[in-house]
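Please keep the sequence and the model in view while reading.

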Amino acid sequence: MDKLVIEGGRELKGEVRIAGAKNAALPLMAAAILAPGQTTLHNVPDLVDVGTMAEVLEGLGISVDRRNDAMALDATTITSDTAPYELVKTMRASFYALGALVGRLGRAKVSLPGGCAWGPRPVDIHLKGLEALGVKTQLDRGYILADARKMRGCRFVLDFPSVGASVNLLLAAVAAKGETVLENVAREPEVTNLARMLIAMGAPIEGAGTTAFHIEGGHSLNAVDFHVIPDRIEAGTYLAAVGRAGGDVTLVGANPDHLSIILDRSVEAGLKIAVRNDRIRVQSSGKLHPVDIQTEVFPGFATDMQAQWIAMMTGAEGSCLVEDTIYPDRFTHVPELIRLGANIAMRDNIAQVTGPVKLVGAPVMSTDLRASASLVIAALAAKGRTEISRIYHLDRGYERLEEKFAVLGAKIWREEDE
Ligand code: EPU
């Protein structure tokens, strides 16, 4: 297993290219299951999670060919209806195979994902929605067996605008004969990206980017060429690093429309932000103000940026409250940030961060993807050497993170952990 070593205390300067979004690429890859023929995705990030989804697809008989940031997926024939436990347990998004297989084959056998490091993360809304579409589902030795022979359009209101449930239900509904209305769906840009790809494939869908989808299901779908949107969380992570460590960095290839609230809160916190097309220039002013945030569904402040915001706020002059309403237990980074010198008090799902503190490097442990990103940010600002172990979490969601930070002037490298 590798560890990251960071010698902090240097300002970040230069340009960094933002990769395609992990959480957009995964549903688009699943959508390829629906169309016989060759789908080509562009701007696909080079990440462990993308590799895991490729393995899921290969297990179904789809050939996957990767060249640079393009990925060709040939789904002419599907030879299996199963997404196995070994893959689903390592990546929950493998569960998207359920909606897509139901859509393509009318049946599926997909392992039920378990909990995760920061909570139970149920899939009840996915299953309720499929039942509403007439799909019979049963649990058999840890697997969901789905039978979609009687699938047809329906009206369904999601209990909560879950990203994953919106994806799975869209993937199934485009194959359900008749009209489906899905209400209270997620408006996250990654879900909208999927809806747009399905429209390009020939599925009549109205309401992409709104809280309701009107879908005319049952049309045959064509394989298409399609682009993955830029990763708003990767962009936000580099922004928070500049906020905490200081410097002047331009994020290139980002979509500012997907980052509105993060940019607004960052300006409130004292960062200078200049947007020109797909370039976002982030300059620190040397002073950070405390800014409260509460995570919400899009267009609110993303839970996937909560940990990085806490890391940035350790440098602010005063106290702020950071509340996670989406995942109340997603705070495993807090004890590790405290090891680096952060002053954070937890009350239920609210972190009170008090600064400014002088962070000092120490050995810390990565617990999940975004928690690890927050440790990197803190380590870049800390005096001395930080070693972050278990960085496989980072490789799941950040493309060449240490190379990109090194280009910006950080002293950061990867070593083998004994
Ligand atoms: N929920 C339910 N029942 C369900 C589904 C969700 O109660 O059937 C609840 C969850 O427990 C949670 C809330 O709804 O409290 C939101 O969960 P959602 O389903 O929206 O999350 P997800 O689809 O499992 C995706 C991202 C996560 C991101 C969340 C929230 C992917 C592959 N994952 O997860 O990304 O945190 O949306 O925006 O898109 C990450 O990239 O680090 C990551 C964890």
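## Helix H12

Helix H12 is largely enclosed by the rest of the structure, because 13 of its 13 residues are buried, where buried stands for under 20% relative accessible area, exposed for over 50%, and partly exposed for what lies in between, with a 1.4 Å probe and protein chains only. Helices (H or I, at least four residues) and strands (E, at least two) are DSSP runs that are numbered from the N terminus. At 1.5 Å a residue, the 13 residues of H12 should span 18 Å, and its end C-alpha atoms are 19 Å apart, which agrees; the expected span is 1.5 Å times one less than the number of residues.

At the N-terminal end, H12 is capped by Asp 368, a side-chain oxygen of which lies 2.9 Å from the backbone nitrogen of Arg 370. Within the helix sits Ser 372, which is buried at a relative accessible area of 0% and whose side chain makes a polar contact with the side chain of Ser 366 (2.4 Å). A polar contact is a pair of N or O atoms within 3.5 Å; within protein, one must be able to donate a hydrogen and the other to accept it, and residues adjacent in sequence count only if both atoms are side-chain atoms.

## Basis of the model

This is a predicted model, in which local features need pLDDT of at least 70 and side-chain atom pairs count only at pLDDT 80 or more, while totals for chains, interfaces and linings use all residues. Residues are numbered from 1 along each chain as its sequence is written, and side-chain values use heavy atoms, with hydrogens and water left out.

## The ligand and its shell

The ligand is surrounded by 22 residues, of which the closest are Asp 124, Ser 162, Val 163, Asp 304 and Ile 326; a residue is near a molecule if one of its heavy atoms lies within 4 Å of it. By class, this shell has 11 nonpolar, 5 polar and 6 charged residues, where Ala, Val, Leu, Ile, Met, Phe, Trp, Tyr, Cys and Pro count as nonpolar, Asp, Glu, Lys and Arg as charged, and the others, Gly among them, as polar.

Of the 830 Å² of accessible area that the ligand has on its own, the protein covers 84%, with areas taken from the Shrake-Rupley method with a 1.4 Å probe. Two or more residues of the shell are given by each of helix H1 (22-31), helix H5 (124-132), helix H6 (163-173) and helix H12 (369-381), and the largest share, 3 residues, comes from H5.

## Strand S1 and its partners

Strand S1 (residues 2-7) pairs in the antiparallel sense with strand S24 (residues 411-416) over 6 bridges, and with strand S23 (residues 385-389), again antiparallel, over 4 bridges; pairing requires that DSSP finds at least two bridges between two strands. Lys 3, which belongs to S1, stands opposite Glu 415 in S24, whereas Glu 7 has Arg 385 in S23 as its bridge partner. Lys 3 is buried, with a relative accessible area of 6%, and its side chain makes a polar contact with the side chain of Glu 387 (3.1 Å).

## Helix H8

In helix H8 (residues 232-245), 14 of the 14 residues are buried, and the helix is mostly covered. At its start, a side-chain oxygen of Asp 231 reaches to within 2.9 Å of the backbone nitrogen of Ile 233, while the residue that follows the helix, Gly 246, has a positive phi near 90 degrees.

The peptide bond from Phe 298 to Pro 299 is cis, with omega near 10 degrees, and Pro 299 is placed in the loop between strand S18 (293-295) and helix H10 (306-313). Gly 355 and Pro 356 are likewise joined by a cis peptide bond, with omega of about 0 degrees.

Asn 68, although not a glycine, has a positive phi of about 50 degrees; this residue lies in the loop between strand S4 (63-67) and strand S5 (70-74) and counts as exposed at 73% relative accessibility. Arg 390 also has a positive phi, near 60 degrees, and is partly exposed, with a relative accessible area of 36%.
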